[in-house]
Amino acid sequence: EKYCLGIMADEALQALSTTFKPLTVPEQREVDGNPFPFFLQPSGASSLDTLVQGVKNGKDHIETLVNKYGIVYFRGFDVEDEKAMNTVFEAFGRPDLDYIGGAAPRTKVFGAVHTTNESPPHSAIVFHHEMAQVPLYPQRLWFYCKEPAKTGGATPVVSSSVIHNYIAEKHPQFLKDLKEKGIRYVRWMNEEDDANDSQGRGLWSTFQTRNKEEAIKRATELKCTLEWNDTASAQSTCTHPEKDKKWQLKMYSSEPLPGWKPHPVTGKATFFNSLVASYLGPLRDPNASNSTTVLGDWTPLPAGVPEDIYAKMQELAASIPWQKGDIMYIDNHAAYHSRQPFEGPRRVLACLGR
């Protein structure tokens with residue numbers, strides 16, 4: 001299967017060669033003998049129209065590449081703004097996915113283009129698969145750089161299958177428990193957004209309605225339960241570790257979600273979840289470090305394991321400085337992404353695809 005995918009990728013590159021050619025950058029890593037991420041640059045003209053037509057005519061070949069490499073990174077094309085990015089997104093022919101159930105504060109900008117996480121520049125965003133904490137998540141992600149930060153602000157990425165293999169070797173009992181029991185997530189939230197927290201999306205934005213009953217209905221469809229402080233346990237009124245405030249409600253998985261998945265095309269085992277980001281993110285109950293992420297039977301995660309996994313992710317990640325016009329096309333099953341702290345203006349936008 002690996003051999004066949006390699007042959008298909010070679011044929012795909014040949015078919016795309018009138019518009020695209022490979023590019024090597026020093027920050028790339030190697031995964032299974034392949035460059036990660038895989039870069040494409042113009043083989044001729046670099047105009048927006050050239051990129052859009054190249055995608056329209058070659059999207060099946062691009063899909064072959066993203067199945068092999070996990071990420072295809074377009075560099076050197078003239079993608080000036082969010083309107084241009086939306087045109088590129090539409091060329092791929094995938095419907096966009098509404099950001100319902102997601103935790104990050106973000107805003108729709110144009111068409112299918114959204115801001116990325118709007119938390120403050122000093123905040124690092126921990127590695128995660130996009131929206132893996134709910135059963136309806138995007139299959140593909142597009143990150144587009146309209147304006148790179150003065151310093152920092154990269155979007156580090158790491159292979160999920162490589163992380164799975166590391167855990168299988170280093171923490172086999174934890175992986176066994178995770179596969180048998182699944183995982184549950186708990187979010188403490190308010191009804192309104194808090195842009196100071198990387199997981200601070202409020203109730204109304206999370207479910208894109210200001211009607212309480214409709215929010216409950218949409219949460220139920222995502223296999224989540226909502227509890228307000230007037231009915232929840234005393235624990236749900238926990239104080240933020242950095243602020244003197246109480247949460248208005250909590251949202252948690254009504255039933256366990258898988259802690260891993262086989263890749264739908266390659267069959268590779270991936271550590272598909274948001275475990276590390278949820279566990280190590282800023283919105284934790286200060287009275288219980290495991291309150292936001294537990295095994296499916298509600299038992300806590302083993303102490304030190306999430307921290308070790310995060311350290312390995314940081315060690316193996318490819319961290320590539322953004323350039324204006326860059327587009328990173330990610331197979332959400334195959335790769336984790338994160339965000340470095342940054343200084344100066346930074347405008348990196350995103351699209352989510354079914």
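## Phe143 and its surroundings

In this predicted model, Phe143 touches Thr116, Trp322, Asp326, Ile327, Met328, Ile330, His337, Val348, Leu349 and Ala350, leaving aside residues up to four places away in sequence. Phe143 belongs to strand 9, and its relative accessible area of 6% falls under the 20% cut-off, so Phe143 counts as buried.

## The nonpolar cores

Phe143 is also one of the residues that touch the most other members of the largest nonpolar core, which holds 39 residues; the others named in this way are Leu203, Phe207, Leu226, Met328 and Ile330. Two or more residues of this core come from each of several elements, among them strand 5 (71–74), strand 9 (140–147), helix 6 (203–207) and helix 7 (212–221). Strand 13 (224–228), strand 14 (249–253), strand 18 (327–331) and strand 21 (347–353) contribute in this way too.

## Helix 5 and its covering

Helix 5 spans residues 172–181, and its buried residues are Phe174, Leu175, Asp177 and Leu178. These residues lie on the same side of helix 5, because they cover an arc of only 160 degrees around the axis. The elements that cover them include helix 4 (160–170), strand 12 (183–189), helix 8 (275–280), strand 17 (293–295) and helix 9 (305–316). Just after helix 5 comes Gly182, which takes a positive phi of about 75 degrees.

## How helix 4 meets helix 9

Two packed helices are described by the angle between their axes and the distance between the axes. For helix 4 and helix 9, the angle is about 135 degrees and the axes are 11 Å apart. Helix 4 is therefore oblique to helix 9, and helix 4 passes helix 9 in a right-handed crossing. On the side of helix 4, the residues that meet helix 9 are Val162, Ile163, Tyr166, Ile167 and Lys170, while helix 9 brings Asp308, Ile309, Lys312, Met313 and Leu316 to the contact.

Most residues other than glycine have a negative phi, and most peptide bonds are trans. Against this background, the peptide bond from Phe36 to Pro37 is cis, with omega near -5 degrees. Pro37 sits in the loop between strand 3 (34–36) and strand 4 (38–42).

Asp32, with phi near 55 degrees, lies in the loop between strand 2 (29–31) and strand 3, and its relative accessible area of 41% makes Asp32 partly exposed. Met131, with phi near 60 degrees, lies in the loop between strand 8 (125–128) and strand 9, and its relative accessibility of 2% means that Met131 counts as buried.

Methods. Residues are numbered from 1 along each chain as its sequence is written. This is a predicted model: local features need pLDDT of at least 70, side-chain atom pairs count only at pLDDT 80 or more; totals for chains, interfaces and linings use all residues. Side-chain values use heavy atoms; hydrogens and water are left out. A nonpolar core is a set of buried Ala, Val, Leu, Ile, Met, Phe, Trp, Tyr and Cys residues joined through side-chain atoms within 4.5 Å. Buried means under 20% relative accessible area, exposed over 50%, partly exposed in between (1.4 Å probe, protein chains only). Helices (H or I, at least four residues) and strands (E, at least two) are DSSP runs, numbered from the N terminus. The arc is that of the directions from the helix axis to the C-beta atoms. Contact means heavy atoms within 4.5 Å. Axes are lines fitted to C-alpha atoms, for helices over the stretch in contact, and angles run from 0 to 180 degrees between N-to-C directions. Angles under 35 degrees count as roughly parallel, over 145 as roughly antiparallel, 65 to 115 as roughly perpendicular and the rest as oblique. A crossing is left-handed if the near helix is turned anticlockwise from the far one by less than a right angle, and right-handed if clockwise.
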